[in-house]
Amino acid sequence: MLELSSEQIAQLDAVRRDEAIEKLLLEVRAQDPNWFARHGLTGGTSYLAGYRRHAEGFGLTDPQLIEDFMRYGLMFPDFHRDDAFVAWMNRPVTDSPEQRFKDYQSVMKFVWKLKNATWN
C-alpha cells in the first residue's frame, strides 16, 4: 500500500488548491475575456489567491466553499471588506465559519432572486 509523507500530502493539497484557481480562470477566460485580458494569467492567479487567503482568514477550510468565496470575489470585488459581511462572518455564534458562509450564500441567492424577479 502506498503511504505518503506529510510533506507529500501537503504538496498534493497545494496542487488541488491551485487547480481550483486554474479552473476558475478558464471559466473567466470563456465568460469574461475582457477581465482575463486586463489581468492576464499571472494577475488573475494572484487575484484569486488573494481571495483564497481571505476565505481562509475567515476560517473557511472546505475547498468548495473557498472556491465559492473566490467566485464571489470575481462577481463582487471587495465583497469581503463590506462591513455587513465582516460582521456576519465574525459574529459571536457557535456555528462554524463554513455554516456562516453557507447562510450568507443562502441570503445572497434569495436577494438575487428578488432583484431579478419580474413584478406584475
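**View 1. Arg81 pairs with Asp78 in a salt bridge.** In this predicted model, the closest N and O atoms of the two residues are 2.8 Å apart. How accessible are the partners? Arg81 is exposed, with a relative accessible area of 53%, while Asp78 counts as partly exposed at 40%. Side chains of opposite charge can pair like this when their charged atoms come close.

**View 2. Arg100 and Asp95 form another salt bridge.** Here the closest N and O atoms are 3.4 Å apart. Is Arg100 buried or exposed? Arg100 counts as buried, because its relative accessibility is 8% and the cut-off for buried is under 20%.

**View 3. A salt bridge joins the side chains of Arg71 and Glu27.** The N to O distance in this pair is 2.6 Å. Arg71 is partly exposed at 27% relative accessibility, and Glu27 is partly exposed at 24%.

**View 4. Lys23, Glu27, Glu67 and Arg71 belong to one network.** Salt bridges that share partners link these residues. Across the model, the count comes to six salt bridges.

**View 5. Val107, Phe110, Val111 and Leu114 make a nonpolar patch on the surface.** Together, these residues have about 350 Å² of accessible area. Take a look at Leu114, which sits in helix α5 (residues 97–116). Leu114 counts as partly exposed, at 39% relative accessibility.

Technical notes
Residues are numbered from 1 along each chain as its sequence is written. This is a predicted model: local features need pLDDT of at least 70, side-chain atom pairs count only at pLDDT 80 or more; totals for chains, interfaces and linings use all residues. Side-chain values use heavy atoms; hydrogens and water are left out. Patches are made of residues with over 30% relative accessible area and no salt bridge: like charges are joined within 9 Å, nonpolar side chains (Val, Leu, Ile, Met, Phe, Trp, Tyr) within 5 Å. Accessible areas come from the Shrake-Rupley method with a 1.4 Å probe; for residues, only the protein chains shown count as cover. A salt bridge is a side-chain nitrogen of Lys or Arg within 4 Å of a carboxyl oxygen of Asp or Glu. Helices (H or I, at least four residues) and strands (E, at least two) are DSSP runs, numbered from the N terminus. Buried means under 20% relative accessible area, exposed over 50%, partly exposed in between (1.4 Å probe, protein chains only).
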